[in-house]
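Reader: I would like to learn how to read the features of a protein model, one at a time. Could you show me the general idea each time and then the case at hand?

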Amino acid sequence: MEHIVTLTVAVTAFAPWLEPTDAELAAIEAEAPLIAAEVEELDTVIALMDRPANELDTRRARRAHARVLAARAALANTTGTGEAA
């Protein structure tokens with residue numbers, strides 16, 4: 001009979017090099033407005049999937065897409081300058 005041994009040390013071992021660096025955390029924080037705008041746009045699109053879009057829905061989707069584009073432009077303008085958004 002073979003015994004199955006769990007490798008808890010290997011699974012739960014802490015590896016400090018696996019943690020995000022300060023630069024990576026800053027990049028994530030800089031992208032947060034874009035991520036939020038994309039989530040909002042996706043929520044809008046999902047809400048419109050089960051019914052025909054009327055004029056108000058069309059405007060809502062257009063505004064959500066415009067917010068995504070504005071967030072992308074703002075992120076592109078700050079990338080590489082060392083500034084946080």
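Reader: Which residues form a nonpolar patch on the surface?

Author: A patch is made of residues with over 30% relative accessible area and no salt bridge, where like charges are joined within 9 Å and nonpolar side chains (Val, Leu, Ile, Met, Phe, Trp, Tyr) within 5 Å. In this predicted model, L42, V45, I46 and M49 make up such a nonpolar patch, and together they have about 410 Å² of accessible area. Accessible areas come from the Shrake-Rupley method with a 1.4 Å probe, and for residues only the protein chains shown count as cover. V45, one of the four, sits in helix 2, which covers residues 22–47.

Reader: Before we go on, what should I know about the numbering and the model?

Author: Residues are numbered from 1 along each chain as its sequence is written, and side-chain values use heavy atoms, with hydrogens and water left out. The model is predicted, so local features need pLDDT of at least 70 and side-chain atom pairs count only at pLDDT 80 or more, while totals for chains, interfaces and linings use all residues.

Reader: How many helices and strands are there in the protein chain?

Author: Helices (H or I, at least four residues) and strands (E, at least two) are DSSP runs, numbered from the N terminus. The protein chain has 3 helices and 0 strands, and its pattern along the sequence reads α-α-α.

Reader: Which residues make up the largest nonpolar core?

Author: In soluble globular proteins, nonpolar side chains tend to be buried together. A nonpolar core is a set of buried Ala, Val, Leu, Ile, Met, Phe, Trp, Tyr and Cys residues joined through side-chain atoms within 4.5 Å. The largest one here has 5 residues, namely L34, A37, V68, A71 and L75. Helix 2 and helix 3 each supply at least two residues of this core, and the largest share, 3 residues, comes from helix 3. A37 lies in helix 2 and counts as buried because its relative accessibility is 10%. Leaving out residues up to four places away in sequence, A37 is in contact (heavy atoms within 4.5 Å) with R67, V68 and A71.

Reader: Is D57 buried or exposed?

Author: D57 counts as buried because its relative accessibility is 3%, whereas R51 is partly exposed at 38% and R60 is partly exposed at 32%.

Definitions and conventions. Salt bridge = Lys/Arg side-chain N within 4 Å of Asp/Glu carboxyl O. Buried < 20%, exposed > 50% of the residue type's maximum accessible area, 1.4 Å probe, protein only.
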